[in-house]
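Welcome! Open your viewer, get ready to select residues by chain and number, and follow the stops below one at a time.

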Amino acid sequence: MANLKDLKIRIDSVKSTRKITKAMQMVAAAKLRKAQESAEKGRPYAEKMRAVVANLASSVTNIAGDNKFLGDGSNSKKFLLIVATSERGLCGGFNSSIVKLAKSRIAELKNQNKEIKILTIGKKGKEQLNREFQSMFIGHIDLSNEKNITIETARHISTDLILRFENDEYEVAEIFYNRFASVISQIPSSYRLLPVSVNEKEEDASNVSFNFEPDEDEILNEIIPKSIATSIFSVLQENAASEQGSRMAAMDNATRNAGEMIDKLTIDFNRSRQAAITNELIEIISGAEAL
Amino acid sequence: MTNKFELNVISAESKVFQGEVENVLVPGMSGDFLVLPNHAPCISSIRPGFLEFAEDVSKKHRYFVSGGIIEVINNMVSVLVDSAIDGDNVIKEDISAIISEIDVKLSTGNIRNRDDLGLRKNDLEEALKQS
């Protein structure tokens with residue numbers, strides 16, 4: 001059995017670790033609430049934007065024909081995978097689950113002999129993917145200076161994406177992130193940003209033919225960059241909420257484990273102390289008997 | 001008889017306005033236009049300028065919007081804007097900032113719709129005078 005002093009030191013160290021994880025859990029809980037709130041605030045805009053784009057896209061295919069932003073991407077050769085992860089670690093499987101999903105997609109595309117490019121958002125994903133796929137990297141977006149994600153950041157990213165799209169660097173863009181299902185459940189998901197798929201019209205608009213001003217093509221060229229910025233914005237917001245949720249769960253676990261460890265070490269500590277006392281007593285008694 | 005319709009003004013970060021209004025004056029990309037009840041369905045992009053609407057004769061609102069899109073469908077009007085500032089709180093600096101942004105874009109030169117931007121700049125300068 002380890003000696004008393006060592007045990008005492010270990011118990012103290014686990015206790016201070018528990019304090020840290022407990023604090024991190026509470027900070028994550030507070031941040032999670034904030035992230036959820038701002039995600040909810042942005043939702044009406046994103047939903048409406050999606051509806052307008054759907055209405056537009058379906059009208060355009062009826063009348064005008066092809067817009068470069070529209071399509072189903074089925075015959076594309078060049079793929080851009082955008083992997084959105086967090087800037088910080090200690091959040092359970094949050095980052096590795098996204099990276100895992102992205103990796104499986106990379107493998108799938110490689111099998112089909114597609115050209116793959118990778119753009120990462122957030123340091124952690126970059127670190128994990130850099131090891132294997134360095135040659136595919138075309139960029140990295142650093143969010144470490146952004147305390148809260150703003151629409152400006154998203155616009156910045158989308159402008160960059162569209163510029164690359166227009167320069168023919170890729171034909172299909174997919175973004176990987178963690179969808180926020182609930183506080184304890186985050187689902188790694190992917191979403192195709194470009195080209196915009198031509199869906200059915202919204203229900204309430206199915207029999208309506210719109211007047212466009214200026215014409216459809218021009219509106220599309222105006223609105224699609226906006227809708228991409230909005231999509232990126234909501235993806236980043238969901239990701240931020242998921243990160244905090246994941247961190248909260250991970251830290252809750254860590255706190256509980258630390259508690260269990262402290263209990264176990266305390267029992268060990270008490271046993272050793274008792275053993276030492278008993279030993280001393282036996283020595284005294286046998287010493288007395290020997291006289 | 002209904003002489004009002006539903007209006008939603010939504011910016012990327014929050015809901016700006018939701019309610020029944022009598023009319024909306026929209027700074028459309030190819031000119032201002034007024035939306036009244038039973039307006040034909042339309043989708044139009046918006047240039048930076050003032051969005052004005054009246055809940056009734058006495059209750060009017062005025063927002064400075066920095067561009068966006070409007071959808072009119074079955075007496076449901078949705079205005080999606082990049083940002084909206086209450087007309088009374090418009091700060092000239094804000095508008096000036098947008099103007100200088102456009103200036104930068106104009107000077108970089110790789111813009112296809114130079115004329116558009118130039119027009120937009122004129123609009124903004126007009127708005128600056130109004131506020």
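**Stop 1: a network of charges**

Start by selecting Glu152(A), Arg155(A), Glu222(A), Lys226(A) and Asp82(B), which are linked in a network of salt bridges. A salt bridge here is a side-chain nitrogen of Lys or Arg within 4 Å of a carboxyl oxygen of Asp or Glu. Side chains of opposite charge can pair when their charged atoms come close.

Before you move on, a note on what you are viewing: this is a predicted model, in which local features need pLDDT of at least 70, side-chain atom pairs count only at pLDDT 80 or more, and totals for chains, interfaces and linings use all residues. Residues are numbered from 1 along each chain as its sequence is written, chains are lettered from A and ligands numbered from 1 in the order in which they are written, and side-chain values use heavy atoms, with hydrogens and water left out.

**Stop 2: salt bridges within a chain**

How many salt bridges does a search of the whole structure find over all chains? The search finds 17. Let's visit a few.

Select Arg105(A) and Glu174(A): they form a salt bridge whose closest N and O atoms are 2.8 Å apart. This pair links distant parts of the chain, 69 residues apart, with Arg105(A) in helix α2 (residues 94-111) of chain A and Glu174(A) in strand β4 (residues 172-182) of chain A. Helices (H or I, at least four residues) and strands (E, at least two) are DSSP runs, numbered from the N terminus. Are these two side chains buried or exposed? Arg105(A) counts as buried because its relative accessibility is 18%, and Glu174(A) counts as buried at 8%. The cut-offs are under 20% relative accessible area for buried, over 50% for exposed, and partly exposed in between (1.4 Å probe, protein chains only).

Next, pick Arg247(A) and Glu243(A), whose side chains meet in a salt bridge of 3.2 Å, N to O. Both lie in helix α5 (residues 216-290) of chain A, 4 residues apart, about one turn of the helix. Arg247(A) is buried at 7% relative accessibility, and Glu243(A) is buried at 11%.

Now hop to chain B and select Glu55(B) with Lys59(B), a salt bridge with its closest N and O atoms 3.8 Å apart. Glu55(B) is buried at 17% relative accessibility, whereas Lys59(B), at 44%, is partly exposed.

**Stop 3: where the chains meet**

Show both chains together: 29 residues of chain B are in contact (heavy atoms within 4.5 Å) with 28 residues of chain A. The area buried between them is about 2300 Å², with carbon and sulfur atoms giving 59%. Buried area is the accessible area (1.4 Å probe) that two parts lose on being put together, summed over both.

Which salt bridges can you find here? The rule gives 3 across the interface of chain B and chain A. Select Glu71(B) and Lys48(A) to see a salt bridge of 3.4 Å, N to O.

**Stop 4: strands side by side**

Finish with strand β6 (residues 211-213) of chain A, which pairs with β5(B) in the parallel sense over 3 bridges. Two strands pair if DSSP finds at least two bridges between them. Zoom in on Phe212(A), and you will see it standing opposite Ile43(B) in β5(B).
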